[in-house]
Amino acid sequence: MVYLKCRDVVDKISEIIDGQASMMTRMRFHSHLMMCNNCRRYFKQFKRVKEISGKVTADDLRADFDHVMGFVMKEIDKKDV
Amino acid sequence: MPGDRADHSREYVEVEALKAGTHSAWKELLALHGPALLNYAIRMLGDRGAAEEILQDSLVNIYHTIDRFEGRCSIKSWLFRAVHNSAIDEIRRRKRYVNVSQEALDSYFNEAGHWINDCPGWDGLAAKQMDEKRLLKTIQDKIDQLPHVHREVLLLKEVEGLTTTEICAALEISPGNLRIRIHRARAALRAAAVEG
């Protein structure tokens, strides 16, 4: 099996966490992590940041969107008249 | 897959109703995707007022040009593409080019591709214990500073939850390009959160 370098591991993290890597790449990736503290640490940081960035949701924008919707629907209704 | 076929035929019926100008179809479409489109525009422009304005104009424009929709992508991708293009025009108009340097990954590694020093930043255990609110704030701020080519893919994927196919259709980019952009955006966030 061809071993991945640390640099390759770091470059492949998104492919791995998004489930887009081949089985061979996943095997090489995880065997590298077992042996390398630095890549393991980078991987954990990366995963944590990805997890948190998914929580960057806006406040509930439904109420704010209501007046945009009101404006657009008025335009749509104009055409019907 | 049967589910996909059902989705496609439902969308076909919806699109026909939209093209016919059916009030309820438009209302349903806007209620379904409007808040996410507004969120996307706000995050792209960093300005609520401008975001509402471009969204209004884009949606009215979509209404007037719906006949041009040929069903090559989902209606959701088409909506995001229209709002995205208006946001980019606005960014260009304001010349709001934010140049944030990407993580200097090369400086971490030697010529053989191995770490020169230890990986900087907290370890896994500290990561779990780190104040989530503080980390969220750091990430939020960094997202706002990312160049738009990275910010847009991150928002569509992580925040709005669009699929790879939907994002590629909305931004008219290839899956390979999306993969590179999303990875660079995440790497920049990691650098800000961990080392900043």
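Let's start with one residue, A:C36. A:C36 is partly exposed, because 19 other C-beta atoms lie within 10 Å, and a residue counts as buried only at 20 or more. Where does A:C36 sit? Its place is in the loop between α2 and α3 (37-53) of chain A. Now look at A:C6. A:C36 and A:C6 are 30 residues apart in sequence. In space, C-alpha to C-alpha, A:C36 and A:C6 are 8.1 Å apart.

A word of caution before we go on. This is a predicted model. Chain A has a mean pLDDT of 86. In chain A, 86% of the residues reach 70 or more. Which elements of chain A have the lowest and the highest mean pLDDT? The lowest is helix α4 (residues 62-80) of chain A, at 79. The highest is helix α2 (residues 23-35) of chain A, at 95. As a rule, where pLDDT is low, the predicted coordinates should not be read in detail.

Next, chain A as a whole. Chain A has four helices and zero strands. Along the sequence, the pattern of chain A reads α-α-α-α. Chain A has 81 residues, and buried residues make up 30% of them. Now take the contacts in chain A with a separation of 6 or more. Of these, 57% come from residues 24 or more positions apart.

On to the interface. How many residues of chain B are in contact with chain A? The count is 46 residues of chain B, against 38 residues of chain A. On chain B, α2 (23-45), α3 (48-65), α5 (124-129), α6 (132-145), α7 (148-159) and α9 (175-195) each supply at least two residues to the side that touches chain A. The largest share of that side comes from α2(B), with nine residues. By class, the side of chain B that touches chain A has 26 nonpolar, eleven polar and nine charged residues.

Two of those helices, α6(B) and α9(B), deserve a slide of their own. Their axes come within 9 Å and cross at roughly 135 degrees. Are α6(B) and α9(B) oblique or roughly antiparallel to each other? Roughly antiparallel needs an angle over 145 degrees, so α6(B) and α9(B) are oblique. The crossing of α6(B) and α9(B) is right-handed. From α6(B), the contact is made by B:L135, B:T138, B:I139 and B:K142. From α9(B), B:A188, B:L189, B:A192 and B:A193 take part. The contact of α6(B) with α9(B) has six nonpolar residues, one polar and one charged.

That's the tour. Thanks.

Key:
Residues are numbered from 1 along each chain as its sequence is written. Chains are lettered from A and ligands numbered from 1 in the order in which they are written. This is a predicted model: local features need pLDDT of at least 70, side-chain atom pairs count only at pLDDT 80 or more; totals for chains, interfaces and linings use all residues. Two residues are in contact if their C-beta atoms, placed from the backbone, lie within 7 Å. Ala, Val, Leu, Ile, Met, Phe, Trp, Tyr, Cys and Pro count as nonpolar, Asp, Glu, Lys and Arg as charged, and the others, Gly among them, as polar. pLDDT is the predictor's confidence in each residue, from 0 to 100. Axes are lines fitted to C-alpha atoms, for helices over the stretch in contact, and angles run from 0 to 180 degrees between N-to-C directions. Angles under 35 degrees count as roughly parallel, over 145 as roughly antiparallel, 65 to 115 as roughly perpendicular and the rest as oblique. A crossing is left-handed if the near helix is turned anticlockwise from the far one by less than a right angle, and right-handed if clockwise. A residue is buried if 20 or more other C-beta atoms lie within 10 Å of its own, exposed if 12 or fewer, and partly exposed in between; C-beta atoms are placed from the backbone.
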